[in-house]
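The questions below are meant for a reader who is meeting this structure for the first time.

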Amino acid sequence: MANNYWLFKSEPKDYSFTDLMNEPNQTAEWDGVRNYQARNFMRDEMQVGDGVLFYASNADPSGVMGLAKISRSGHPDYFSWRKGHKYFDPKSTKVSPVWYMVEIEFVERFPEIVSLATLKAHKGLNQMMVTKKGSRLSVQPVTQVEFDIVSRLGRKH
């Protein structure tokens with residue numbers, strides 16, 4: 001089965017690529033996603049081994065910091081069951097979970113960020129969701145071609 005490819009956005013003040021690199025085993029649960037379309041991607045489509053472009057949003061500059069991969073496929077986001085937790089959702093239960101998460105694992109840090117301006121200017125990336133005005137989805141599909149182009153750009157610096 002062919003792998004899928006994804007772009008995960010995170011604000012560095014909330015969770016950075018360096019945070020992922022410093023985690024035990026360089027893995028982290030990607031929790032707290034509260035958008036149904038992104039949830040569906042995580043629950044239904046992401047599989048172990050899928051490639052991830054780790055994108056720093058609201059950064060200076062915003063862009064892709066490096067690569068990760070899915071190391072555990074979609075499973076219930078148990079924080080939605082914890083009263084008092086910032087991701088608690090009373091509609092989500094162990095029996096009928098509403099929200100899902102995946103686990104990602106560090107693969108490679110780029111020497112320099114591949115900025116949003118670079119993504120927008122590079123041939124072959126004009127259809128990437130992240131380059132579109134108003135694109136706010138924190139988990140987005142990318143094509144293998146887009147993933148490969150961004151990976152090459154990141155390694156060139």
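Q: Which residues is Pro12 in contact with, leaving aside its neighbours within four places in sequence?
A: In this predicted model, Pro12 lies in the loop between strand S1 and helix H1 (17-22). Its C-alpha atom is separated by 7.7 Å from that of Asn58, although the two are 46 residues apart along the chain. Leaving aside neighbours within four places in sequence, the contacts of Pro12 are Ala56, Ser57 and Ala59.

Q: Does Pro12 count as buried, partly exposed or exposed?
A: A residue is buried under 20% relative accessible area and exposed over 50%. The relative accessibility of Pro12 is 35%. Because this value falls between the two limits, Pro12 counts as partly exposed.

Q: Is Ser57 buried or exposed?
A: Ser57 is found in the loop between S3 and S4. Not counting residues up to four places away in sequence, Ser57 touches Lys9, Ser10, Glu11, Pro12 and Ser62. Its relative accessibility is 14%, and the limit for burial is under 20%. Ser57 therefore counts as buried.

Q: Where do the buried residues of helix H2 lie around its axis?
A: In helix H2 (residues 36-45), the buried residues are Ala38, Arg39, Phe41 and Met42. They cover an arc of only 155 degrees around the axis. This arc puts them on the same side of H2.

Q: Which strands do the buried residues of H2 pack against?
A: The residues concerned are Ala38, Arg39, Phe41 and Met42. Packing here rests on contact, meaning heavy atoms within 4.5 Å. The strands they pack against are S1 (5-10), S2 (27-30), S4 (63-76), S5 (100-115) and S6 (139-142).

Q: Which residue caps the N-terminal end of H2?
A: At this end of the helix, a side-chain oxygen lies 2.9 Å from the backbone nitrogen of Gln37. The residue that provides this oxygen, and caps the end, is Asn35.

Q: What is the relative accessible area of Glu45?
A: Glu45 has its place in helix H2. Not counting residues up to four places away in sequence, Glu45 touches Asn4, Trp6, Asn40 and Asp50. Glu45 is partly exposed, and its relative accessible area is 38%.

Q: How many aromatic pairs are there, and is the pair of Trp6 and Phe41 stacked, edge-to-face or tilted?
A: The count comes to nine aromatic pairs. In the pair of Trp6 and Phe41, the ring centres are 5.4 Å apart and the planes stand at 50 degrees. This pair links distant parts of the chain, with Trp6 in strand S1 and Phe41 in helix H2, 35 residues apart. Planes under 30 degrees apart count as stacked and those over 60 as edge-to-face, so the pair is tilted.

Q: Over the face of which residue does Arg39 lie?
A: Arg39 is one of the buried residues of H2. The distance to the ring centre is 5.9 Å, and the ring over whose face Arg39 lies belongs to Trp99.

Q: What span does helix H4 reach from its first C-alpha to its last?
A: Helix H4 (residues 144-156) has 13 residues. At 1.5 Å a residue, a span of 18 Å is expected. The span reached is close to this value, at 18 Å.

Terms used: Residues numbered from 1 in each chain as written. Predicted model: local features only at pLDDT ≥ 70, side-chain atom pairs only at ≥ 80, totals over all residues. Heavy atoms only, no water. Buried < 20%, exposed > 50% of the residue type's maximum accessible area, 1.4 Å probe, protein only. Helix = DSSP H or I, 4+ residues; strand = E, 2+ residues; numbered from the N terminus. Arc of directions from axis to C-beta. Polar contact = N/O pair within 3.5 Å; in protein donor to acceptor, adjacent residues only side chain to side chain. Phe/Tyr/Trp six-rings, centres within 6.5 Å; stacked < 30°, edge-to-face > 60°. Lys NZ or Arg CZ within 6 Å of the ring centre and 35° of its normal. Expected span 1.5 Å × (residues − 1).
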